[in-house]
Amino acid sequence: MKKLKKLIIKKKNILSAIKIYKTPLWIYDYKTIKKQILKLKKFDIIRFAQKSCSNIHILKIMKKLGAKIDAVSLGEIERALKAGFKGNCNDIVYTSDIIDTQTLKKVVLHKIPINIGSIDMIKKIGKISPNHKVWLRINPKFGDGHNKKTNTGGKNSKHGVWNTQLAISLIQKYNLNLIGLHMHIGSGADYNHLKKVCYAMIKSALLINKKISFISAGGGLPIPYKTNDKKINIKSYHKIWKKSIKNISETLKCKIKLEIEPGRFLVAQSGILVSKIESIKIVKNQTFILVNVGFNDLIRPALYGSYHYISVISKDNRKLNTLKKIKVVIGGPLCESGDIFTQKENSEIYTIKIPKVKLGDYIIFHDTGAYGASMSSNYNSRPLIPEILIKKNVLNQIRRRQTINEMLSLEI
């Protein structure tokens, strides 16, 4: 019998949230986030990639639990500041391959270190803010990820600096203060590829030959989306990185702190997306279950062909027959043929087996705490849906449902 994925959040809490806030809605579990952070406690610094889940209340949790923040836009800097993170220290690092004038003014005002991803950034920062603290994001000339769109290294990636020697010479020319090196190859990279980054970092750091204070192992830590996925061996991953840091530190004769920059690893498993079945359609020999969320809410399956485990909760507390299942395709309400949650990277639709359902039953999408709400949009003029945080069985609304009038307000 196929192994079932357990609900992170108790069924009674889900039903309570549905009763109070209606569907659709996002739900996060505080305890799971805390558990994931503790798994990385051996690293000197945990820097949360907030693009994965940028709600200010989630950022406050990260701060409370000792994590730092990576920001990739002016908006994310503002979110971090509102969540209580400070400038002029190591709380926030701004990472990008470009920097516009408004963002540059903000990082200079708050003295936020910048993780440089392009040669042009060095020149722009240097002219405005000499002595500014900077990191150098290095393209290791290889990459990996669960999808080609999440690959952040190699010749086909826009991310990071290819010519590190030129970058270093310009950093010196503009008298910028190089404090750290950063390397990232992609989201969902496997352990063997992540190990390659360690060796690439040693090579780059020794070639640059400058005293630094920090090295970032990047993010990309995978999580088990499927029931048979293997969990990453964090202990082994940390061990090989510590060995690499020791090598670099002894050679360069400086003390170096090891950062890790996870996004999905900290929040993905904490979250679920709750939807309601609005239609059960038979199209020739295919059964479509249509729910009240679309790819404007959860875009990962349509964009990447990403897999999310799907389960069912009955609306009337009846017992679902898990032995006699039906094959279905799960789709949303959007006026788009691609608004399907059960599709592969090549857009090929597949079926899944679920218990026999009725209209009004609830479809649960698992592991949506990362790149779920943060990637949602108003496409088809659909308002953003609420986010609920559960802590000690207490439901806290951390983003209310957007109204249509609020959505239209920018245009009126």
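Modeller: Ala71 stands opposite Tyr94 in strand E4. E4 covers residues 92-96 and is joined to strand E3 by 3 bridges, with the two strands running parallel. Strands here are DSSP runs of type E with at least two residues, helices are runs of type H or I with at least four, and both are numbered from the N terminus. Two strands pair if DSSP finds at least two bridges between them.

The model is predicted, so local features are given only at pLDDT of at least 70 and side-chain atom pairs only at 80 or more, whereas totals for chains, interfaces and linings use all residues. Residues are numbered from 1 along each chain as its sequence is written, and side-chain values use heavy atoms, without hydrogens or water.

E3 and E4 belong to a barrel of 8 strands, closed in the order E2-E3-E4-E5-E6-E7-E8-E9 with parallel pairing. On average, neighbouring strands of this sheet are turned by 30 degrees against each other, direction ignored. Helix H6 (residues 119-128) packs on the sheet and touches both E4 and strand E5 (114-116). The direction of H6 makes about 140 degrees with that of E5; axes are lines fitted to C-alpha atoms, for helices over the stretch in contact, and angles run from 0 to 180 degrees between N-to-C directions.

Within E3 (residues 68-71) lies Asp70. Asp70 counts as buried because its relative accessibility is 2%; buried means under 20% relative accessible area, exposed over 50%, and partly exposed in between, with a 1.4 Å probe and protein chains only. The side chains of Asp70 and Thr95 are joined by a polar contact of 2.6 Å. Such a contact is a pair of N or O atoms within 3.5 Å; within protein, one must be able to donate a hydrogen and the other to accept it, and residues adjacent in sequence count only if both atoms are side-chain atoms. Not counting residues up to four places away in sequence, Asp70 touches Arg47, Phe48, Ala49, Gln50, Glu76, Val93, Thr95 and Glu261, where contact means heavy atoms within 4.5 Å. Ile114 is 44 residues from Asp70 along the chain, and their C-alpha atoms are separated by 9.9 Å.

At the start of H3, a side-chain oxygen of Asn55 comes to within 2.8 Å of the backbone nitrogen of His57. Just after H3, Gly66 has a positive phi of about 95 degrees.

Strand E1 (residues 25-29) is mostly covered, with 5 of its 5 residues buried. Leu25, Ile27 and Asp29 are on one side of E1, and Trp26 and Tyr28 are on the other. E1 pairs with strand E10 (residues 271-283) in the antiparallel sense over 4 bridges, and Trp26 stands opposite Leu273 in E10. Another 4 bridges join E1 to strand E16 (residues 387-391), in parallel, where Asp29 stands opposite Ile390.
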